Amino acid sequence: MMNRLLIATVFFAWTTFAQAEPLRVASLSTVMADLARDIGAERVEVTEIVKPGVDPHIYEPTPGDRKTIAKSQILLASGLGFEGYLDKLRPSLEKAGVRLVVGGDVVKPIEAACEGHEDHHHAHSHGSIDPHWWHSISNVQAVAAQICDAFVAADPAGKAAYEANAKKLQNRLAALSKWVRLQLAALPKATRVLVTSHDALGYFAKDNGFEIFAVQGISTSDQPSSQKVKRLIEEIKARKVKAIFAENIENPKVLEQITNETAAKLGGVLYADGLGSGAAATYEGMMKSNVSTIVEALK
Amino acid sequence: MRGFPLLRLFLVAAGLALLGVPVWLLTRPAQSGPPPASAPIEPEKMAVYDVLLTASAPARLAVRVANLPSVESVGPVTSLSASFTMNAAEPEDLAVFGNFDPAAGNSALRVEVRLAGRTLADSTFWGTGLVEDVVTIPKP
């Protein structure tokens, strides 16, 4: 009897010890950090290197960030050129044995509708691929599966927990997808025109039948020429666009100028480059906030 | 000619200018023309779409097109029909709702969309309690 009790105590202590060390995950993407928290739950410790509200287009990791990344077991990144510094990080990741999980590797990329190459220089490394894949829920479902696989590979003991959590997340994403379609069904197709600060909602537009007109290019560092702004104003007038949208990390000054010269109003703030705060602090919250803002302004 | 250097200079300058015209036409910077006009909107072809909702058990049924008021059943019914006049070039999506008694268990809501007697869409949605979804009508 005593022997059994001892074995049970040792087993309990071992399992407790085994679970005491969570999987260390660093994330350059606020969206992927949220997915990782959902899938990993208490088995992972997620550190957000790029935090909500920070402009990821111009972000550069600090020496402190590099140390944090080097201590992690998994690094999550959006990819498709979103993190211009990623290629420079790769050698140090390999050296430190950090597994890199790039969301862009498992999504269907689309071409960026990047206008105005003649009048600006790109300060970012991506080509003509739109890196903002998280605005398509089907892409997020693929990346959630990818993160689950990475966690199972790094921590096989947690396989059942990761897969159960991932399944719940996939169900929630499917419900979110239906919710989005139901909300957008209230918008006549002729009104599905999105005028935004920068060209970040291409995947959302493709999924839901919107046309995009962006003041800036694919990156927030792309500056619009006066000619481009003039063309945009003409287009907004011709299409009788009801509202244009600012972004949570942008200065909406140019958009305010456009509203002064057109009948369009400022329709609200969209979360384009990642998660926000409050209700938009989760992926589902961010999508619901964006869709509600769009429907309210354009209906 | 020999006695008119100014005339000679003028003729040479004129000749050079004429030769330069085609080169200038080929190499001049592209003009930032007027804003691209939106695609001309074709005259709308309006058409009447007939929608039939059929429920596997009595339910409050409703169908909504874009931002128009929805057509709803007064109480629990097993079918609801409605007609919507829409642009045939780009018909709107339909939001359909069937609010079943949860005690009815797994329930089905069938949606048929017809144009001039021809079926354009035929979808069935399953669920318990509130069954709701979106039907996209294919373009002609």
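The model is predicted: local features need pLDDT of at least 70, side-chain atom pairs count only at pLDDT 80 or more, and totals for chains, interfaces and linings use all residues. Residues are numbered from 1 along each chain as its sequence is written, chains are lettered from A in the order in which they are written, and side-chain values use heavy atoms, without hydrogens and water.

**Interface of chains A and B**

- Contact (heavy atoms within 4.5 Å) links 16 residues of chain A with 17 residues of chain B.
- The buried area, meaning accessible area (1.4 Å probe) lost by two parts on being put together and summed over both, is about 1,500 Å², and carbon and sulfur atoms give 53% of this.
- On the side of chain A, Leu182(A), Ala185(A) and Lys189(A) lose the most area to chain B, together 40% of what that side buries.
- Three salt bridges (side-chain nitrogen of Lys or Arg within 4 Å of a carboxyl oxygen of Asp or Glu) are counted between the chains.
- Lys189(A) forms a salt bridge with Asp93(B), with the closest N and O atoms 3.2 Å apart.

**Glu247(A)**

- Glu247(A) lies in strand E7 (residues 243–247) of chain A, where strands are DSSP runs of E, at least two residues, numbered from the N terminus.

Note on methods: Helix = DSSP H or I, 4+ residues; strand = E, 2+ residues; numbered from the N terminus.
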